[in-house]
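Hi,

Here is the structure I promised to pass on. Have a look at it first, then read my notes below.

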Amino acid sequence: MSKSKLYSLNSEKVAAATKEWLLKRGVTTTQIAELVMFLQQSYFPGLTIERCEQNVEAVLSKREVQNAVLTGIQLDILAEEGKLLSPLQEMIENDEGLYGCDEILALSIVNVYGSIGFTNFGYVDKLKPGILKKLNDKEDEQCHTFLDDIVGAIAASASSRIAHRYQAEREGSFNPPLD
């Protein structure tokens, strides 16, 4: 029997691993929700951190997001361990400015949530508020070349999700967009 016939993905296992690896790398859903609040509070004055966190959880429930999180974290870890081939090892280890694959992977998350997510991602990526500042700190022993962009993309996506849902609520829609 071939490997492809034996392989069966367990979605719950993937979702649990995503959250586990974020925590292992020092990122909580609350910290991501704080980024969402930073991005959206001036547009939605009644926004709560709980609603932000609910939207972060919804974003993290998407398979495309889970795939990006797990891939990015593994690449960061491999770079920390010196297990990538040169020159990729040095580019990821040093978060090379002209290496844009970390942003491209993050944009695969944002792509699920539309153009508002893209603009929010660019803004939060430039400012690096909250947990992003810590993840971007090059003095840390951990490599977060991919993770800082992934966390920013999750926050930007949750922000986009909130904006779309608030619009549906304003219009009196009983069926807000699924995502």
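This is a predicted model: local features need pLDDT of at least 70, side-chain atom pairs count only at pLDDT 80 or more; totals for chains, interfaces and linings use all residues.

Aspartate 95 sits in the loop between α6 and α7 (101–110). Its phi is positive, about 50°, although this residue is not a glycine.

Lysine 128 belongs to the loop between α8 (115–127) and α9. Buried or exposed, this lysine 128? Buried: the relative accessible area of lysine 128 is 17%, and the cut-off for buried is under 20%. Lysine 133, by contrast, lies in helix α9 (residues 131–135) and counts as exposed because its relative accessibility is 63%. Lysine 133 and tyrosine 7 are 126 residues apart in sequence, with 39 Å between their C-alpha atoms.

Two other backbone spots to check before you set anything up:

- Serine 86 and proline 87 are joined by a cis peptide bond, with omega about 5°. Proline 87 is in the loop between α5 and α6 (88–93).

Now for the helices. α10 covers residues 147–170, and its end C-alpha atoms are 34 Å apart; this agrees with expectation, because 24 residues at 1.5 Å a residue should span 34 Å. Of those 24 residues, 20 are buried, so α10 is mostly covered.

Isoleucine 154 is one of the residues in α10, and it counts as buried because its relative accessibility is 0%. What does isoleucine 154 touch, leaving aside residues up to four places away in sequence? The contacts are Ile32, Val56, Val59, Leu60, Val65, Val69 and Ile109. Isoleucine 154 and asparagine 55 are 99 residues apart in sequence, yet their C-alpha atoms are 9.5 Å apart in space.

Asparagine 55 brings us to α4, where the buried residues are Arg51, Cys52, Asn55, Val56, Ala58, Val59 and Leu60. Their cover includes α2 (11–24), α3 (29–40), α5 (63–80) and α10. The length of α4 (residues 49–60) checks out too: twelve residues at 1.5 Å each should span 16 Å, and the end C-alpha atoms are 16 Å apart.

Over in α3 you will find glutamine 40. Glutamine 40 counts as buried because its relative accessibility is 3%. Not counting residues up to four places away in sequence, glutamine 40 touches Leu47, Asn120, Ser159 and Ala163.

On to the largest pocket, which holds about 170 Å³ of space. How many residues line the largest pocket, and which lie nearest its centre? There are 15 in the lining, with Glu93, Asp140, Gln142, Cys143 and His144 nearest the centre. By type, the lining divides into eight charged, four polar and three nonpolar residues.

One last item, from the records: an unreviewed UniProt entry lists residues 28–163 as "domain: YutG/PgpA". Over that stretch the chain is 68% helix and 0% strand, and the end C-alpha atoms are 22 Å apart.

Cheers

How values were computed
Residues are numbered from 1 along each chain as its sequence is written. Side-chain values use heavy atoms; hydrogens and water are left out. On a 1 Å grid over the protein atoms alone, a cavity is a set of points where a 1.4 Å probe fits but cannot get out, and a pocket is an open set with protein on both sides within 12 Å along at least five of seven lines; lining residues have an atom within 4 Å of a point. Grid points are joined across faces, edges and corners, and a volume is the space filled by probe spheres set on the points. Ala, Val, Leu, Ile, Met, Phe, Trp, Tyr, Cys and Pro count as nonpolar, Asp, Glu, Lys and Arg as charged, and the others, Gly among them, as polar. Helices (H or I, at least four residues) and strands (E, at least two) are DSSP runs, numbered from the N terminus. The expected span of a helix is 1.5 Å times one less than its number of residues. Buried means under 20% relative accessible area, exposed over 50%, partly exposed in between (1.4 Å probe, protein chains only). Contact means heavy atoms within 4.5 Å. UniProt positions are given in the numbering used here, feature names are shortened, and annotations may be inferred rather than shown by experiment.
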